[in-house]
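Let's take a friendly look at a ligand and the protein around it. Have the structure open as you read.

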Amino acid sequence: MNFAGHVAHLNIPDDLLAYKDVIAKVIYDKNHPRIQTVVNKVGAISNEFRVPQFEILAGKKDMVTEVKQYGATFRLDYGLVYWNSRLEHEHIRLVSLFKKGDVICDMFAGIGPFSIPAGQKGCVVYANDLNPDSILYLKTNAKINKVEDYIFTYNMDARVFMQSLMAVPDPETKSKCQFVAANCCSEEMVSGNEHSTSNENQNDVQESFDGSSMVNTSAKRRQETSNEGDVACQEDANQTKKRNNKKVKSSGPLPVKPWEHIDHVLMNLPASALQFLDCFDGLVHKRYWKGSLPWIHCYCFIRSSESEESILCEAQNKLNAKIAEPIFHRVRDVAPNKAMFCLSFRLPVECLKEETEDHIRSVDG
Ligand SMILES: C[S@@+](CC[C@H](N)C(=O)[O-])C[C@H]1O[C@@H](n2cnc3c(N)ncnc32)[C@H](O)[C@@H]1O
C-alpha cells in the first residue's frame with residue numbers, strides 16, 4: 001500500500017479482487033480522517049506520463065492532495081500526475097549533492113520533488129515534463145514553496161527540451177533563445193528567460209534545505225576533486241561560481257546561460273531514460289562551455305538477467321563515448337527480479353561539439 005496525502009493506494013492482487021470493497025472499507029475506517037480516499041490500481045501503467053489508472057473503492061472522489069517531504073509541500077492530483085512517496089530518500093540523497101548556485105536541469109521533473117528542494121537550496125533549475133498537468137502542479141508547488149524565481153518550467157519532450165536549452169542563440173535573430181521561451185508554460189517562465197540574459201544580480205538566498213549531513217561523501221569528494229571533465233575555459237569556472245554565489249539585494253537568482261554551464265542533469269524516467277542519453281552526443285558546444293562538464297544522473301532498472309556492466313555498455317553506446325568512473329546507486333527493489341538504480345557520471349569530453357569555422361563566423365558575426 002502507498003500513501004499520498006489523504007489517498008491510500010492499493011494494488012489488490014487478482015485472487016483478492018472479489019473482496020476489494022471490504023478491504024477498502026477496513027482501511028478507510030481504520031485510518032479516517034487521515035485517509036479519506038482509497039483507490040486500487042487497475043491494469044499495468046501503459047501511458048508515457050507514468051500515471052496508473054485507478055478505481056475509487058472508498059471515500060471521496062477527490063484525488064487532489066498535499067504531501068510534505070523534507071520541509072517542502074507538494075500539491076498534486078494523484079489521478080493525473082506521477083507521484084511516488086517511496087522515492088523520498090532518493091530525492092533527498094541527490095539534492096544533497098547540489099550546492100547553492102548550481103545550475104540543475106531536470107529533464108523529467110514531474111511535479112518537482114527534485115526541482116523544488118533544489119530551488120530551496122538556491123540552485124537555478126530548468127525543469128521539464130511532457131505531462132501538462134505535472135507542469136501545472138510544478139508551478140503551483142514552486143509558488144507554495146516560494147521558489148518560483150529559481151525554477152523555469154517547460155512542457156515538452158525531454159530531447160527537444162535539452163536541444164532548445166543548449167542551443168547557442170544567434171546574436172542577430174535570437175531565434176533559438178526565443179524558441180525555448182516560447183515553449184514555456186507561464187509568463188514567469190518567459191520573463192524568467194528574458195531576465196536570464198539581462199539581470200546581473202544574485203538574490204540573497206536563505207537556505208531552507210540543508211542536506212549537508214546526508215551528502216554521499218564519495219560522490220561529493222569526486223565532485224570536488226575530479227578534473228577529468230574539465231574543458232578549456234573561456235572564463236575560470238571558479239569565477240562563475242563566485243559570481244553565482246554573490247549576495248546582492250535583488251529578487252531572483254543570478255541569470256545563467258545553460259549553453260555555457262550546467263552542473264547536474266537529472267533523468268528520472270527509469271523505464272527509458274537510458275534511451276535519451278543519445279541527446280548528449282554533440283549537445284554541448286566546446287567553444288562556449290565554461291568549467292567542468294555536468295554530472296548526469298540517469299535512472300534505470302536492472303533486471304536479474306542484466307548487470308551494471310551491461311547497463312554501462314548500453315549507456316556508452318547511446319552516448320557514443322566511454323564513461324569514466326561510473327557510480328551505480330541502488331535506489332530500491334521494485335520487484336523480486338528488478339531494482340531501480342541511479343547511474344551517475346560526468347559527461348565525457350568526447351560528447352562535446354567542435355564548432356566548424358563557418359558556424360563560428362555566423363555566430364560571432
Ligand atoms: C518516473 S516520473 C519522475 C517524476 C519526478 N522526477 C519524480 O521523481 O517524482 C517520470 C516523468 O517523466 C515524464 N515524461 C515521460 N516521458 C517524457 C518525455 N519524453 N519527455 C519529458 N518528460 C517525460 C512523465 O510525465 C513523468 O512525470
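## Around the ligand

The shell around the ligand divides into 12 nonpolar, five polar and three charged residues. Here Ala, Val, Leu, Ile, Met, Phe, Trp, Tyr, Cys and Pro count as nonpolar, Asp, Glu, Lys and Arg as charged, and the others, Gly among them, as polar. In total, 20 residues surround the ligand, each with a heavy atom within 4 Å of it. The closest are Phe108, Asp129, Asp157, Ala158 and Asn268.

This is a predicted model, where local features need pLDDT of at least 70, side-chain atom pairs count only at pLDDT 80 or more, and totals for chains, interfaces and linings use all residues. Residues are numbered from 1 along each chain as its sequence is written, and side-chain values use heavy atoms, with hydrogens and water left out.

## Backbone contacts

Which residue has a backbone N or O atom 2.8 Å from a nitrogen atom of the ligand? That is Phe108. A polar backbone atom of Ala158 lies 2.9 Å from a nitrogen atom of the ligand, and for a polar backbone atom of Leu130 the distance to a ligand nitrogen atom is 3.2 Å.

On its own the ligand has 590 Å² of accessible area, and the protein covers 97% of that (Shrake-Rupley method, 1.4 Å probe).

## The pocket

The ligand sits in the largest pocket, meaning that more than half of its atoms lie within 2 Å of the pocket's grid points. A pocket is an open set of points on a 1 Å grid over the protein atoms alone, where a 1.4 Å probe fits, with protein on both sides within 12 Å along at least five of seven lines; lining residues have an atom within 4 Å of a point.

The lining of the largest pocket has 47 residues, with Ile45, Arg50, Tyr82, Asn84 and Phe301 nearest the pocket's centre. By class, 29 are nonpolar, 10 polar and eight charged.

How values were computed:
Polar contact = N/O pair within 3.5 Å; in protein donor to acceptor, adjacent residues only side chain to side chain.
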